[in-house]
Amino acid sequence: MKQIFADKMKSNPIIAGVKDIARLDDALASDCEIVFLLCGTIFDLKETVDRVKKAGKLVFIHVDLLDGFSKDATALKYISSEICPDGIISTKNSLLKAAKSLGLLTVQRVFIIDSLSIETAVKASQMINPDAIEILPGIMPRIIKKLSTSLEVPVIVGGLVSEKSDATVALENGALGVSTSSKEIWGMKI
């Protein structure tokens, strides 16, 4: 599965970030091969994940942003066995470790706010060994380049990526993927 994830990012590095279920149809109709669900509730998550998978796309759930689920290993075990996403996104190291033990793909999300957060991101990634790391905001070319050369996992950028030029610059500086909720970028040809 890890290779499929990498191949899909190489094939189309634009990732549809869905932060409103009303936008799911747009993501499913797009050329994006990967969907990051940045919303969902205990009532709609299974149906949403099933729709994304039926469309032939990989689906990652940002477990920190779900409503109605606790943010612990037990909820993650339920999500893995009953909802069956391809992977999860989280800022929480404990959830990423638990997800890996359940066989889920993992994307570690980190917010870069200063030089210390860069060092922390590198150390945490080495400790957790996620399948990819997503850095936010995704409009920092110099930082993207630094992290993509310092990490042994693929770098995805997200946050504030609202123009095609933002995505292009991120990819030129070493990002393997770009997560965005901007529908206009979902159709971008690289």
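Biologist: Which strands does helix H6 (residues 115-128) lie across, and at about what angle to S5 does H6 run?

Modeller: This is a predicted model, in which local features need pLDDT of at least 70 and side-chain atom pairs count only at pLDDT 80 or more, while totals for chains, interfaces and linings use all residues. Residues are numbered from 1 along each chain as its sequence is written, and side-chain values use heavy atoms, with hydrogens and water left out. Helix H6 lies across S5 and S6, and its direction makes about 165° with that of S5. Helices (H or I, at least four residues) and strands (E, at least two) are DSSP runs, numbered from the N terminus, and angles run from 0 to 180 degrees between N-to-C directions, along axes fitted to C-alpha atoms, for helices over the stretch in contact.

The two strands under discussion, S5 (residues 105-111) and S6 (residues 132-136), are joined in parallel by 5 bridges, where pairing asks for at least two DSSP bridges. Within that pairing, Val-110 stands opposite Ile-135 of S6. Both strands belong to a closed barrel of 8 strands, ordered S1-S2-S3-S4-S5-S6-S7-S8 with parallel pairing, and from one strand to the next the twist averages 25°.

Within S5 sits Thr-106, which is buried at 0% relative accessibility, since buried means under 20% relative accessible area, exposed over 50% and partly exposed in between, with a 1.4 Å probe and protein chains only. Beyond neighbours within four places in sequence, Thr-106 has contacts that include Ile-88, Leu-96, Pro-130 and Ala-132, a contact being heavy atoms within 4.5 Å.
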